Amino acid sequence: MPDICMYFQVHQPMRLRKFAIFGHNEEAWHERYFDAAKNRQIMEKVAEKCYRPTNRLLLELIDKYNGAFRVSFSLTGVFMEQCREYAPDVLESFAELYKTGSVEFLSETYYHSLASLFADKQEFAEQVKMHAKSLRDAGIEPSRVFRNTEALYSNEIGRLIESMGYEAAISEGWDHYLGWRSPNFVYRAKGEEGKRNLKLLLRNYKLSDDLSYRFSARWWPEYPLTADKYASWLAAAQGQCVNLFMDYETFGEHQWADTGIFEFLRHMPGEVLKHKNLEFSLPSEVVGKHAPADEVDIPHALTWADMERDTSAWLGNDMQRECFRMLENAAEQVKASGDDAAQHAWRLLQNSDHLYYLCTKSLADGDVHKYFSPYQNPYDGFINFMNILQDFREKIGRSA
């Protein structure tokens, strides 16, 4: 009986102001670099299109099926921060979902950052602790299952996650590392025999992308995707679990309401539960009930982004790598300054989105980056981000 494990990433970055090196007064750190009006506008728009209607629908479905419909989320700290500022009812609605007992919230970094790639891992650990506190402040107990930014994972990151007490992590079920094996099993992280207990849940990228990317694609041979058709695909899957991991903004934002995405979601649980061999389970339930089928060796960074499934979405060109280097190298000055507001601004600048916008890939990957980017092109984004990073370095240098 395969478990259907649904997980949704929920994130909104702190968008940057259009910034020039000269002409700034001594604004507070946050007002100096971040566009509050744009952040409010986008949060209110996506809340209305996605978060509010989808959360209401999930509550209805959990009640309708007496808790048999189960889903999981990760809410970035940056998302929760903007909820508290611009849409407090949205965060309250996630807390209501948690109270049903049918919803789990995964652990991660507060800032949706690439801090796990820093040489000094202490920054990563601090951001994870901040995230846990932010969830608890919202009345939500974080899971012992971990989701790193954009499912970023490697053997080294796995050791770090396990050392912090986590039981499992999620990542991408990529063929390059799986070979002939299926993502529809629980796996064991690579390590010395008897010394590694971390389990891995790997995304079934085909079935996940059928819903999150191809749902409304009229060129797709399977269009239109109906709930009963999708449930039949899940029922035909072999293995312990089918891990459907995607952005929550799939509902109403990436796939607009007029595509039928909400009607699909409304009918999907019932169609799945018609199949006696299927049930919905939370990530912690999946890793609790299934022994690992095998060990997976992931020596290099693996993510769920772009065709390469590596870090090239954020660190694939010289512009991105230079900005990342400046962010990492600012750590010592930031801590020496003793300025909490400056540290928060530095960490907000670590949002992986700022590096994502600088990607220069072409074809389908390039189109996805352009869809999310607020800039005309990656080079405009680089100039703006570099202006901010240089200003930050000079300003923090004077206060350290």
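This is a predicted model: local features need pLDDT of at least 70, side-chain atom pairs count only at pLDDT 80 or more; totals for chains, interfaces and linings use all residues.
**Exercise 1: H2 beside H4**

Work out how H2 and H4 are oriented toward each other, and which residues bring them into contact.

*Solution.* 

Step 1. Start with the geometry: H2 covers residues 36-64 and H4 covers residues 88-99, and the two pack at an angle of about 20° with their axes 10 Å apart.

Step 2. Angles under 35 degrees count as roughly parallel, so H2 and H4 are roughly parallel to each other.

Step 3. Look at the handedness: the crossing of H2 and H4 is left-handed.

Step 4. Pick out the residues. On the H2 side you'll find Ala 47, Tyr 51, Arg 52, Asn 55, Leu 58, Leu 59 and Ile 62, and they meet Asp 89, Val 90, Ser 93, Phe 94, Glu 96 and Leu 97 in H4.

Step 5. Sort them by type: this contact has eight nonpolar residues, two polar and three charged.

**Exercise 2: H2 beside H10**

Find the angle, the handedness and the contact residues for H2 and H10.

*Solution.* 

Step 1. H10 runs over residues 261-273, and H2 packs with H10 at an angle of about 20°, their axes 10 Å apart.

Step 2. That angle makes H2 and H10 roughly parallel to each other, too.

Step 3. Check the handedness here: H2 and H10 cross in a right-handed way.

Step 4. H2 brings Lys 49, Pro 53, Thr 54, Leu 57, Leu 58, Glu 60 and Leu 61 to this contact, while H10 brings Phe 262, Leu 265, Arg 266 and Pro 269.

Step 5. Sorted by type, the contact of H2 with H10 holds seven nonpolar residues, one polar and three charged.

Step 6. Compare the two lists for H2. Leu 58 turns up in the contact with H4 and again in the contact with H10.

**Exercise 3: Inside the largest cavity**

Say what lines the largest cavity and which helix gives the most to that lining.

*Solution.* 

Step 1. Count the cavities: the structure has three of 30 Å³ or more. The largest of them has a volume of about 50 Å³.

Step 2. List the lining of the largest cavity: Met 326, Leu 327, Ala 330, Trp 346, Leu 389, Phe 392 and Arg 393.

Step 3. Finish with the types: six of the lining residues are nonpolar, none is polar and one is charged.

Note on methods
Residues are numbered from 1 along each chain as its sequence is written. Side-chain values use heavy atoms; hydrogens and water are left out. On a 1 Å grid over the protein atoms alone, a cavity is a set of points where a 1.4 Å probe fits but cannot get out, and a pocket is an open set with protein on both sides within 12 Å along at least five of seven lines; lining residues have an atom within 4 Å of a point. Grid points are joined across faces, edges and corners, and a volume is the space filled by probe spheres set on the points. Helices (H or I, at least four residues) and strands (E, at least two) are DSSP runs, numbered from the N terminus. Ala, Val, Leu, Ile, Met, Phe, Trp, Tyr, Cys and Pro count as nonpolar, Asp, Glu, Lys and Arg as charged, and the others, Gly among them, as polar. Axes are lines fitted to C-alpha atoms, for helices over the stretch in contact, and angles run from 0 to 180 degrees between N-to-C directions. Angles under 35 degrees count as roughly parallel, over 145 as roughly antiparallel, 65 to 115 as roughly perpendicular and the rest as oblique. A crossing is left-handed if the near helix is turned anticlockwise from the far one by less than a right angle, and right-handed if clockwise. Contact means heavy atoms within 4.5 Å.
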